[in-house]
Amino acid sequence: MLKTIRERPSLQGLILISPTMFWLILFLLIPLVLVVIISFGARGSYGNVEYTFNLANYARLFDPEYASILWDSVWMALLTTVITLVAGYPLAYYIARAIPIRRSFLMFLILVPFWTNFLIRIYAWMIILRGEGILNAVMTSLGLMRGPGQWLFQQIQLYTPGAVLVAMVYEFVPFMILPLYASLEKLDPALLEAAADLGARPWRTFLRVTLPLSVPGIIAGSIQVFIPAMGMFVVPDLIGGAKTVLVGNLIRNQFLTARDWPFGSAASMVLMVLTLALPLIYTRFF
(Lines give C-alpha, C1' and ligand atoms only; values in the text may rest on other atoms or scores of the structure.)
Protein backbone atom coordinates (compact mmCIF):
# COMPACT_ATOMS: atom_id res chain seq x y z
CA MET A 1 0.00 0.00 0.00
CA LEU A 2 2.75 2.46 0.99
CA LYS A 3 4.74 1.47 -2.09
CA THR A 4 1.72 2.19 -4.31
CA ILE A 5 1.28 5.62 -2.70
CA ARG A 6 4.97 6.48 -3.19
CA GLU A 7 4.83 5.45 -6.84
CA ARG A 8 1.78 7.66 -7.55
CA PRO A 9 2.42 11.36 -6.79
CA SER A 10 -1.19 12.26 -7.64
CA LEU A 11 -2.41 9.88 -4.94
CA GLN A 12 -0.01 11.47 -2.46
CA GLY A 13 -1.42 14.89 -3.26
CA LEU A 14 -4.97 13.62 -2.86
CA ILE A 15 -4.17 12.23 0.59
CA LEU A 16 -2.48 15.46 1.66
CA ILE A 17 -5.42 17.67 0.68
CA SER A 18 -8.13 15.27 1.90
CA PRO A 19 -8.48 16.88 5.39
CA THR A 20 -8.90 20.31 3.79
CA MET A 21 -11.35 18.96 1.22
CA PHE A 22 -13.38 17.27 3.98
CA TRP A 23 -13.52 20.56 5.92
CA LEU A 24 -14.58 22.55 2.85
CA ILE A 25 -17.25 20.04 1.86
CA LEU A 26 -18.67 19.83 5.38
CA PHE A 27 -18.65 23.52 6.28
CA LEU A 28 -18.80 25.27 2.88
CA LEU A 29 -20.26 23.13 0.12
CA ILE A 30 -23.07 21.44 2.08
CA PRO A 31 -24.30 24.71 3.72
CA LEU A 32 -24.14 26.41 0.31
CA VAL A 33 -26.26 23.65 -1.24
CA LEU A 34 -28.78 24.04 1.60
CA VAL A 35 -28.98 27.80 0.99
CA VAL A 36 -29.61 27.19 -2.72
CA ILE A 37 -32.40 24.71 -1.94
CA ILE A 38 -34.03 27.03 0.61
CA SER A 39 -33.86 29.98 -1.82
CA PHE A 40 -36.36 28.19 -4.09
CA GLY A 41 -38.78 27.53 -1.21
CA ALA A 42 -41.46 29.68 0.39
CA ARG A 43 -42.06 31.15 3.82
CA GLY A 44 -44.67 29.33 5.88
CA SER A 45 -47.29 30.91 8.11
CA TYR A 46 -45.09 30.67 11.22
CA GLY A 47 -41.75 31.45 9.59
CA ASN A 48 -40.98 27.88 8.62
CA VAL A 49 -39.65 26.90 5.20
CA GLU A 50 -41.97 25.22 2.71
CA TYR A 51 -39.93 23.34 0.11
CA THR A 52 -41.92 24.16 -3.02
CA PHE A 53 -39.83 24.99 -6.08
CA ASN A 54 -40.53 28.55 -7.31
CA LEU A 55 -38.66 31.63 -8.49
CA ALA A 56 -40.76 34.14 -6.53
CA ASN A 57 -37.92 35.01 -4.16
CA TYR A 58 -35.56 35.88 -7.00
CA ALA A 59 -38.27 37.82 -8.86
CA ARG A 60 -38.97 39.76 -5.67
CA LEU A 61 -35.39 41.10 -5.72
CA PHE A 62 -36.22 42.96 -8.94
CA ASP A 63 -38.86 45.05 -7.18
CA PRO A 64 -37.76 48.72 -7.12
CA GLU A 65 -37.35 48.68 -3.34
CA TYR A 66 -34.95 45.74 -3.27
CA ALA A 67 -33.28 46.53 -6.60
CA SER A 68 -32.30 49.93 -5.20
CA ILE A 69 -30.74 48.21 -2.17
CA LEU A 70 -28.67 45.97 -4.48
CA TRP A 71 -27.59 48.98 -6.52
CA ASP A 72 -26.69 50.97 -3.40
CA SER A 73 -24.60 48.04 -2.18
CA VAL A 74 -22.69 47.75 -5.46
CA TRP A 75 -22.21 51.52 -5.62
CA MET A 76 -21.00 51.74 -2.01
CA ALA A 77 -18.57 48.85 -2.54
CA LEU A 78 -17.24 50.43 -5.75
CA LEU A 79 -16.78 53.82 -4.06
CA THR A 80 -15.02 52.18 -1.14
CA THR A 81 -12.70 50.31 -3.51
CA VAL A 82 -11.86 53.40 -5.57
CA ILE A 83 -11.26 55.65 -2.55
CA THR A 84 -9.10 53.07 -0.78
CA LEU A 85 -7.09 52.65 -4.00
CA VAL A 86 -6.58 56.40 -4.43
CA ALA A 87 -5.70 56.84 -0.76
CA GLY A 88 -3.66 53.68 -0.35
CA TYR A 89 -1.54 53.75 -3.51
CA PRO A 90 0.61 56.81 -2.60
CA LEU A 91 1.09 55.49 0.94
CA ALA A 92 2.03 52.02 -0.31
CA TYR A 93 4.46 53.56 -2.81
CA TYR A 94 6.05 55.71 -0.10
CA ILE A 95 6.47 52.72 2.22
CA ALA A 96 7.91 50.56 -0.57
CA ARG A 97 10.54 53.21 -1.41
CA ALA A 98 11.46 53.96 2.22
CA ILE A 99 14.62 52.62 3.87
CA PRO A 100 14.19 49.14 5.43
CA ILE A 101 14.05 50.31 9.06
CA ARG A 102 11.44 52.98 8.35
CA ARG A 103 9.57 50.59 6.08
CA SER A 104 9.11 48.08 8.90
CA PHE A 105 7.92 50.79 11.27
CA LEU A 106 5.41 52.15 8.76
CA MET A 107 4.03 48.69 8.08
CA PHE A 108 3.72 48.23 11.83
CA LEU A 109 1.60 51.40 11.98
CA ILE A 110 -0.62 50.09 9.18
CA LEU A 111 -1.26 46.87 11.10
CA VAL A 112 -1.80 48.45 14.54
CA PRO A 113 -5.59 49.01 14.02
CA PHE A 114 -6.04 45.24 13.65
CA TRP A 115 -5.00 44.87 17.28
CA THR A 116 -8.22 46.58 18.36
CA ASN A 117 -11.64 44.96 18.14
CA PHE A 118 -13.60 45.92 15.03
CA LEU A 119 -16.69 47.04 17.00
CA ILE A 120 -14.60 49.25 19.28
CA ARG A 121 -13.21 51.06 16.26
CA ILE A 122 -16.70 51.52 14.81
CA TYR A 123 -17.99 52.94 18.09
CA ALA A 124 -15.03 55.32 18.10
CA TRP A 125 -16.11 56.59 14.68
CA MET A 126 -19.63 57.06 16.04
CA ILE A 127 -18.20 59.35 18.72
CA ILE A 128 -16.16 61.24 16.12
CA LEU A 129 -18.95 61.73 13.56
CA ARG A 130 -21.97 62.42 15.73
CA GLY A 131 -23.54 65.88 15.75
CA GLU A 132 -21.81 66.99 18.96
CA GLY A 133 -18.78 64.78 18.45
CA ILE A 134 -15.06 65.38 18.26
CA LEU A 135 -15.00 66.34 14.57
CA ASN A 136 -17.72 68.94 15.06
CA ALA A 137 -15.89 70.41 18.08
CA VAL A 138 -12.57 70.61 16.22
CA MET A 139 -14.07 72.18 13.10
CA THR A 140 -16.04 74.68 15.19
CA SER A 141 -12.96 75.70 17.20
CA LEU A 142 -11.00 76.23 13.96
CA GLY A 143 -13.82 78.25 12.41
CA LEU A 144 -14.44 75.72 9.65
CA MET A 145 -18.13 75.14 10.36
CA ARG A 146 -19.18 77.75 7.85
CA GLY A 147 -19.99 77.45 4.18
CA PRO A 148 -18.21 74.46 2.56
CA GLY A 149 -17.01 73.14 5.93
CA GLN A 150 -20.53 72.92 7.31
CA TRP A 151 -21.77 71.29 4.11
CA LEU A 152 -18.94 68.71 4.26
CA PHE A 153 -19.70 67.87 7.88
CA GLN A 154 -23.37 67.40 7.08
CA GLN A 155 -22.44 64.89 4.35
CA ILE A 156 -20.33 62.74 6.68
CA GLN A 157 -22.31 63.25 9.89
CA LEU A 158 -23.42 60.16 11.79
CA TYR A 159 -26.40 58.27 10.30
CA THR A 160 -25.70 59.41 6.74
CA PRO A 161 -24.40 57.43 3.72
CA GLY A 162 -21.28 59.60 3.78
CA ALA A 163 -20.50 58.47 7.33
CA VAL A 164 -20.92 54.84 6.25
CA LEU A 165 -18.49 55.43 3.38
CA VAL A 166 -15.92 57.05 5.69
CA ALA A 167 -16.06 54.15 8.15
CA MET A 168 -15.84 51.54 5.39
CA VAL A 169 -12.84 53.26 3.78
CA TYR A 170 -11.15 53.40 7.17
CA GLU A 171 -11.85 49.72 7.78
CA PHE A 172 -10.69 48.42 4.39
CA VAL A 173 -7.78 50.70 3.44
CA PRO A 174 -5.19 48.34 5.06
CA PHE A 175 -6.50 45.52 2.85
CA MET A 176 -5.65 47.70 -0.16
CA ILE A 177 -2.28 48.90 1.11
CA LEU A 178 -0.83 45.46 1.89
CA PRO A 179 -1.09 43.91 -1.63
CA LEU A 180 -0.07 47.23 -3.22
CA TYR A 181 3.01 47.34 -1.01
CA ALA A 182 3.85 43.73 -1.86
CA SER A 183 3.66 44.58 -5.56
CA LEU A 184 5.53 47.90 -5.40
CA GLU A 185 8.24 46.58 -3.09
CA LYS A 186 9.30 44.10 -5.80
CA LEU A 187 9.72 46.89 -8.37
CA ASP A 188 13.33 47.02 -9.54
CA PRO A 189 14.69 50.59 -9.08
CA ALA A 190 16.91 50.00 -12.13
CA LEU A 191 13.79 50.19 -14.31
CA LEU A 192 13.01 53.67 -13.00
CA GLU A 193 16.63 54.75 -13.52
CA ALA A 194 16.56 53.39 -17.07
CA ALA A 195 13.38 55.32 -17.83
CA ALA A 196 14.97 58.51 -16.47
CA ASP A 197 18.13 57.92 -18.56
CA LEU A 198 15.93 57.59 -21.65
CA GLY A 199 14.44 61.03 -20.96
CA ALA A 200 11.12 60.06 -19.39
CA ARG A 201 9.69 62.57 -16.95
CA PRO A 202 8.58 61.30 -13.50
CA TRP A 203 4.88 61.28 -14.38
CA ARG A 204 5.58 59.39 -17.61
CA THR A 205 7.78 56.90 -15.76
CA PHE A 206 4.95 56.31 -13.32
CA LEU A 207 2.36 55.77 -16.07
CA ARG A 208 4.54 53.57 -18.29
CA VAL A 209 6.60 51.64 -15.73
CA THR A 210 5.39 51.81 -12.12
CA LEU A 211 1.64 51.64 -12.69
CA PRO A 212 1.63 48.70 -15.15
CA LEU A 213 3.95 46.66 -12.94
CA SER A 214 1.74 47.29 -9.90
CA VAL A 215 -1.46 46.09 -11.60
CA PRO A 216 -1.36 42.68 -9.82
CA GLY A 217 -1.38 44.52 -6.48
CA ILE A 218 -4.22 46.75 -7.64
CA ILE A 219 -6.29 43.75 -8.69
CA ALA A 220 -5.60 41.82 -5.47
CA GLY A 221 -6.34 44.86 -3.29
CA SER A 222 -9.53 45.71 -5.17
CA ILE A 223 -10.85 42.17 -4.78
CA GLN A 224 -9.96 42.11 -1.07
CA VAL A 225 -11.85 45.38 -0.54
CA PHE A 226 -14.82 44.96 -2.88
CA ILE A 227 -15.97 41.49 -1.77
CA PRO A 228 -16.22 42.17 2.00
CA ALA A 229 -17.56 45.68 1.35
CA MET A 230 -20.48 44.20 -0.63
CA GLY A 231 -21.57 42.02 2.28
CA MET A 232 -20.85 44.47 5.11
CA PHE A 233 -23.79 45.00 7.47
CA VAL A 234 -22.25 46.05 10.82
CA VAL A 235 -21.04 49.44 9.59
CA PRO A 236 -24.36 50.41 7.91
CA ASP A 237 -26.23 49.25 11.00
CA LEU A 238 -24.21 51.24 13.51
CA ILE A 239 -22.93 54.20 11.48
CA GLY A 240 -25.83 54.54 9.05
CA GLY A 241 -28.67 53.63 11.41
CA ALA A 242 -31.97 52.88 9.70
CA LYS A 243 -31.24 55.40 6.93
CA THR A 244 -28.64 53.28 5.10
CA VAL A 245 -29.67 49.74 4.18
CA LEU A 246 -27.35 47.57 2.13
CA VAL A 247 -27.82 44.02 0.94
CA GLY A 248 -25.97 42.66 3.98
CA ASN A 249 -28.51 44.35 6.26
CA LEU A 250 -31.35 43.01 4.10
CA ILE A 251 -30.10 39.43 4.42
CA ARG A 252 -29.55 39.72 8.17
CA ASN A 253 -33.04 41.16 8.68
CA GLN A 254 -34.67 38.41 6.63
CA PHE A 255 -33.02 35.67 8.68
CA LEU A 256 -33.20 37.19 12.17
CA THR A 257 -36.18 39.58 12.13
CA ALA A 258 -38.63 38.80 9.34
CA ARG A 259 -37.89 35.05 9.52
CA ASP A 260 -38.18 34.81 5.75
CA TRP A 261 -35.36 32.37 5.14
CA PRO A 262 -36.18 31.65 1.47
CA PHE A 263 -36.01 35.33 0.51
CA GLY A 264 -32.89 35.82 2.60
CA SER A 265 -31.29 32.81 0.91
CA ALA A 266 -32.17 34.18 -2.54
CA ALA A 267 -30.63 37.53 -1.62
CA SER A 268 -27.53 35.68 -0.36
CA MET A 269 -27.16 33.84 -3.66
CA VAL A 270 -27.53 37.05 -5.67
CA LEU A 271 -24.94 38.71 -3.43
CA MET A 272 -22.54 35.81 -3.96
CA VAL A 273 -22.99 35.96 -7.73
CA LEU A 274 -22.35 39.72 -7.74
CA THR A 275 -19.26 39.45 -5.55
CA LEU A 276 -17.85 36.75 -7.81
CA ALA A 277 -18.89 38.16 -11.19
CA LEU A 278 -17.75 41.77 -10.78
CA PRO A 279 -14.19 40.93 -9.64
CA LEU A 280 -13.98 38.35 -12.45
CA ILE A 281 -14.92 41.02 -15.01
CA TYR A 282 -12.47 43.40 -13.36
CA THR A 283 -9.57 40.95 -13.56
CA ARG A 284 -10.41 39.98 -17.16
CA PHE A 285 -10.50 43.67 -18.11
CA PHE A 286 -7.00 44.23 -16.78
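**Exercise 1.** List the buried residues of helix H14 (residues 247–256) and state which elements they pack against.

*Solution.* The model is predicted: local features need pLDDT of at least 70, side-chain atom pairs count only at pLDDT 80 or more, and totals for chains, interfaces and linings use all residues. Residues are numbered from 1 along each chain as its sequence is written, and side-chain values use heavy atoms, with hydrogens and water left out.

Step 1. Helices (H or I, at least four residues) and strands (E, at least two) are DSSP runs, numbered from the N terminus.

Step 2. Apply the burial cut-off: buried is under 20% relative accessible area, exposed is over 50%, and partly exposed is in between (1.4 Å probe, protein chains only). In H14, Val 247, Gly 248, Asn 249, Leu 250, Ile 251 and Gln 254 are buried.

Step 3. Look for contacts, meaning heavy atoms within 4.5 Å. The buried residues of H14 pack against H4, H12, H15 and helix H13 (234–238).

**Exercise 2.** Classify Trp 261 by accessibility and find its contacts beyond four places in sequence.

*Solution.* Step 1. Trp 261 belongs to helix H15.

Step 2. Its relative accessibility is 37%, so Trp 261 counts as partly exposed.

Step 3. With neighbours within four places in sequence set aside, Trp 261 contacts Ile 38, Val 49, Gln 254 and Phe 255. Of these, Gln 254 is one of the buried residues of H14.

Step 4. From C-alpha to C-alpha, Trp 261 and Ala 124 are 33 Å apart in space, and they are 137 residues apart in sequence.

**Exercise 3.** Describe the lining of the largest pocket by element and by class.

*Solution.* Step 1. On a 1 Å grid over the protein atoms alone, a pocket is an open set of points where a 1.4 Å probe fits, with protein on both sides within 12 Å along at least five of seven lines; lining residues have an atom within 4 Å of a point. The volume is the space filled by probe spheres set on the points, here about 190 Å³.

Step 2. Helix H4 (64–97), helix H12 (215–231) and helix H15 (261–285) each give two or more residues to this lining. H4 provides the largest share, four residues.

Step 3. The lining holds eight nonpolar residues, two polar and no charged ones.

**Exercise 4.** Which elements give two or more residues to the lining of the second largest pocket?

*Solution.* Step 1. The elements are H4 and helix H9 (161–185).

Step 2. H4 gives the largest share, four residues.

Step 3. The volume of this second largest pocket is about 170 Å³.

Conventions. Nonpolar A, V, L, I, M, F, W, Y, C, P; charged D, E, K, R; others polar.
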